[in-house]
Amino acid sequence: MTGWERFTDSFFNARVMAQYLPKIIEGFGLTVVLALCIIAAGLTLGLLLALLRAFGIRPLNWLIIFVVDLFRALPPLVIIVLLFFGLPNAGIELSGFVAAWLALTLVLMAFTEEIFWAGITSVAKGQWEAARSTGLGFVQTLGYVVLPQALRITIPPLTNRTIAITKGTALASVVAVPDILGAANAGVSFSFNPSPLTLGAIAYLVLFLPVVVFGRWIETRFAWKR
Amino acid sequence: MDRNALRVEAVSPMDLFIETFFNWQIVHDAWPILWQGLQATLLLSALVVPLGMIGGIIIAVLSTVHSPWVKWPLRVWVDTFRALPPLVLLIFIFAGLPFIGIDVGPWGAVAIGFFLNTGAYYGEILRAGIESVPQGQLEAARSTGLTRGQTMRYVVLPQAVRNVLPDLISNTLEVVKLTSIASVVALPELLFQARQAQSVTYNATPIMVAAVVYFILLWPVVRVLSQLENRQLAGRR
């Protein structure tokens, strides 16, 4: 076999690819579901924490800052491993899917809180004072005056961070979730041919390339004119 | 049977929690191999951060070339490696390439994977930095007789780096955190060693210790970054 034949036979083996394509497609669906669950829960919780922090209750804010720092400092894989392999030692069993979802949700929550908070504090003090002096309450000021302005500048960093963390769904394969990478790994060990990994890589590109290009577009679209 | 053996059933949930996650005896026993893991993690970070930075500088400098023959391949390259999850890339290199006779081992796989992945990220950040340096700086430098390379090296890059410093630090933090995926290809870094210790002791304390070590190591960086980012975002108004 020539080098080229060996290359194509290993990475673009049509027979192996056809055999494992259905599994990879199933994994694709699972990755998408996992990603959507993480995005929904992470963004919501992050926004809630940022709003809670705006009330300025000292001990509560310290707690929020600590939790946010914690999940920004810990590698996501460490959190996943702790939830999936650690908790069973204490008698709590989570499925791989739930462990990965929970871990990445907490990470996205932390980054989201941080970004929203930066957005809220970036709104000029005069805006608060003007809104309050027209008779709006604290919650009304936050909801109608501050948040709409804060939201705009948070969109680019938030989009990029969300994309980066969503890519972390591949980590779920470490805790036996049959997502794209999980299905590809299984395919390689059954067929003893790395073509399923090629398929997996293509699947990730199909999923994330448009998202990355979208993120780039968002960044220019919302760029602040200096 | 010893009476104490029966008492195990009656421990309170709090005791069980401490016993499982903060077991001092196990911290003591597992520390030597966790320490080895921490050293490997630090070495790994010291290897992949400069490697990614070199990749990033190459990409950023190439992106100043205006030819479409450079611009489009470069954009496809950067977007591909930003779209591919790093773990996928790592496993492809570690488990895929040996099938065609290229076996680079765990350290080699991590080095190549991180060079490609983090290089693309650093490249994007530095490109934004270079674009933030006014064109007049470049022209002034060139008119004083500096060559293209010298202008880049002494005038543009120092200002570019300063302008995107928070993003560079943030990305470096992510890279150090990301070294934990090397555990998947059995490179004996902190998380891998913690897993080994856990499977021997049937106790989650080693993983907890690893988490605490990561936190102690990276918390100061997160604090500094949080301050820098707040200032940066506020400055955009």
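## Annotated spans of chain A

UniProt, in an unreviewed entry, places the feature "transmembrane region" at residues 27-51, 63-85, 91-111, 170-192 and 198-218 of chain A. The structure discussed here is a predicted model. Among these spans, residues 27-51 of chain A are 100% helix and 0% strand, with end C-alpha atoms 36 Å apart. Residues 170-192 of chain A are 52% helix and 0% strand, and their end C-alpha atoms are separated by 21 Å.

The record also carries, again as an unreviewed entry, "domain: ABC transmembrane type-1" for residues 28-215 of chain A. In the model, this stretch of chain A is 81% helix and 0% strand. Its end C-alpha atoms lie 21 Å apart.

## Fold and dimensions of chain A

Chain A contains nine helices and zero strands. Its pattern along the sequence is accordingly written α-α-α-α-α-α-α-α-α. Of the contacts in chain A between residues at least 6 apart in sequence, 77% join residues at least 24 apart.

The C-alpha trace of chain A spans about 80 × 50 × 25 Å along its principal axes. The radius of gyration of chain A is 22 Å, whereas a compact globule of 226 residues would have a value near 17 Å. Buried residues make up 46% of the 226 residues of chain A.

## Interface between chains A and B

The interface brings 45 residues of chain B into contact with 42 residues of chain A. On the chain B side, at least two residues each are supplied by α2 (13-21), α4 (68-83), α5 (86-96), α9 (165-178), α10 (190-201) and α11 (205-234). The greatest contribution to this side comes from α11(B), with 15 residues. By class, the side of chain B that touches chain A comprises 29 nonpolar, eight polar and eight charged residues.

## Crossing of α9(A) and α4(B)

One helix pair spanning the two chains is α9(A), residues 195-221, with α4(B). Their axes come within 8 Å and cross at roughly 115°. The crossing of α9(A) past α4(B) is right-handed.

From α9(A), the contact is made by A:Y204, A:L205, A:F208, A:L209, A:V212 and A:V213. The α4(B) side contributes B:D79, B:T80, B:R82 and B:A83. Together, the residues of this contact divide into seven nonpolar, one polar and two charged.

Notes. Residues are numbered from 1 along each chain as its sequence is written. Chains are lettered from A and ligands numbered from 1 in the order in which they are written. This is a predicted model: local features need pLDDT of at least 70, side-chain atom pairs count only at pLDDT 80 or more; totals for chains, interfaces and linings use all residues. Two residues are in contact if their C-beta atoms, placed from the backbone, lie within 7 Å. Helices (H or I, at least four residues) and strands (E, at least two) are DSSP runs, numbered from the N terminus. Ala, Val, Leu, Ile, Met, Phe, Trp, Tyr, Cys and Pro count as nonpolar, Asp, Glu, Lys and Arg as charged, and the others, Gly among them, as polar. Axes are lines fitted to C-alpha atoms, for helices over the stretch in contact, and angles run from 0 to 180 degrees between N-to-C directions. A crossing is left-handed if the near helix is turned anticlockwise from the far one by less than a right angle, and right-handed if clockwise. UniProt positions are given in the numbering used here, feature names are shortened, and annotations may be inferred rather than shown by experiment. The radius of gyration is taken over C-alpha atoms; the globule rule is 2.2 Å times the number of residues to the power 0.38. A residue is buried if 20 or more other C-beta atoms lie within 10 Å of its own, exposed if 12 or fewer, and partly exposed in between; C-beta atoms are placed from the backbone.
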